Amino acid sequence: MTATTVPTVTVPRVALPTPTTLSGPRKPYGTDAGARTARSTWTDLIDKVQEAGRYPTRPEAERVTRIVLSALGAHVVGDERVDLARALPEEAAKLVAAQIPATRPRTAPEFVESVAARTEGATPATARWDVSSVLSVLPKLVGDDLVTRIITQLPPGYALLFGRADLAAAP
């Protein structure tokens, strides 16, 4: 058996296209000064929810986050839904985007009840805690402007779930 030599080929380096060169500059996630400029990770989100809700374990914080974001995904529609999914970590974005839009908007109390129904052993009070623990971390994660747009499209009462005052105009 004789040895065969393989010729060496030099391949010139070519700049690969980046998202910026393909479609122009990318708009940062979130639209206000307080918003982050890159996606947070799923771990970051769960850490924030665990801290906000004072959950003793990460798996508990993760379970609550999955339930609440899935419920929210059915009620946020249009550009807000797209922007929310774009701003969330990939795993959270999939939870939001995978939901079939609700046929009618739920009031804030109905939303909390739906979360209680999805959560084993939950009461209305624990479900409200869970909802607020997840939704209250979203403004820092996705930006105040986007959260304001989301709250505007939802029935009255959701602002409190996001940790904001729910100021209604006087009749």
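Helices H6 and H7 are roughly perpendicular to each other, a label for angles of 65 to 115 degrees. Their axes come within 8 Å and cross at roughly 105 degrees; these axes are lines fitted to C-alpha atoms over the stretch in contact, with angles running from 0 to 180 degrees between N-to-C directions. Please keep in mind that this is a predicted model, where local features need pLDDT of at least 70, side-chain atom pairs count only at pLDDT 80 or more, and totals for chains, interfaces and linings use all residues. Residues are numbered from 1 along each chain as its sequence is written, and side-chain values use heavy atoms, with hydrogens and water left out.

**The H6 and H7 contact**

- Helix H6 covers residues 108–118 and helix H7 covers residues 124–135; helices here are DSSP runs of H or I with at least four residues, numbered from the N terminus.
- From H6, Phe 111, Val 112, Val 115 and Ala 116 meet Pro 124, Ala 127, Arg 128, Val 131 and Leu 135 of H7, where contact means heavy atoms within 4.5 Å.
- The residues of this contact divide into 8 nonpolar, no polar and 1 charged. In this scheme Ala, Val, Leu, Ile, Met, Phe, Trp, Tyr, Cys and Pro are nonpolar, Asp, Glu, Lys and Arg are charged, and the others, Gly among them, are polar.

**Ser 114 in H6**

- Ser 114 also belongs to helix H6, and its 9% relative accessibility makes it buried. Buried stands for under 20% relative accessible area, exposed for over 50%, and partly exposed for values in between (1.4 Å probe, protein chains only).
- Leaving aside residues up to four places away in sequence, Ser 114 touches Ala 71 and Arg 106.
- With Arg 106 there is a side-chain to side-chain polar contact at 3.1 Å. Such a contact is a pair of N or O atoms within 3.5 Å; within protein, one must be able to donate a hydrogen and the other to accept it, and residues adjacent in sequence count only if both atoms are side-chain atoms.

**Salt bridges**

- Side chains of opposite charge can pair when their charged atoms come close. The count comes to 9 salt bridges, each with a side-chain nitrogen of Lys or Arg within 4 Å of a carboxyl oxygen of Asp or Glu.
- One of them joins the side chains of Arg 149 and Glu 80 at 3.3 Å, N to O. This pair links distant parts of the chain, with Arg 149 in helix H9 (residues 144–153) and Glu 80 in helix H4, 69 residues apart.
- Glu 80 is buried at 17% relative accessible area, whereas Arg 149 is partly exposed at 27%.
- Arg 149 also forms a salt bridge with Asp 83, the closest N and O atoms being 2.6 Å apart. Asp 83 lies in H4 and Arg 149 in H9, so this pair ties together parts that are 66 residues apart in sequence.
- Asp 83 is partly exposed, with a relative accessible area of 23%.
- Another salt bridge pairs Arg 164 with Asp 144, with 3.5 Å between the closest N and O atoms. Arg 164 sits in the segment after helix H10 (158–161) and Asp 144 in helix H9, 20 residues apart.
- Both ends are partly exposed: Arg 164 at 23% and Asp 144 at 37%.
- Through shared partners, salt bridges join Glu 80, Asp 83, Arg 86 and Arg 149 into one network.

**Gly 78 in H4**

- Gly 78 lies in helix H4, which spans residues 78–87, and counts as partly exposed at 46% relative accessibility.
- Between Gly 78 and Pro 101 there are 9.9 Å, C-alpha to C-alpha, and the two are 23 residues apart in sequence.

How values were computed: Helix = DSSP H or I, 4+ residues; strand = E, 2+ residues; numbered from the N terminus. Parallel < 35°, antiparallel > 145°, perpendicular 65-115°, else oblique.
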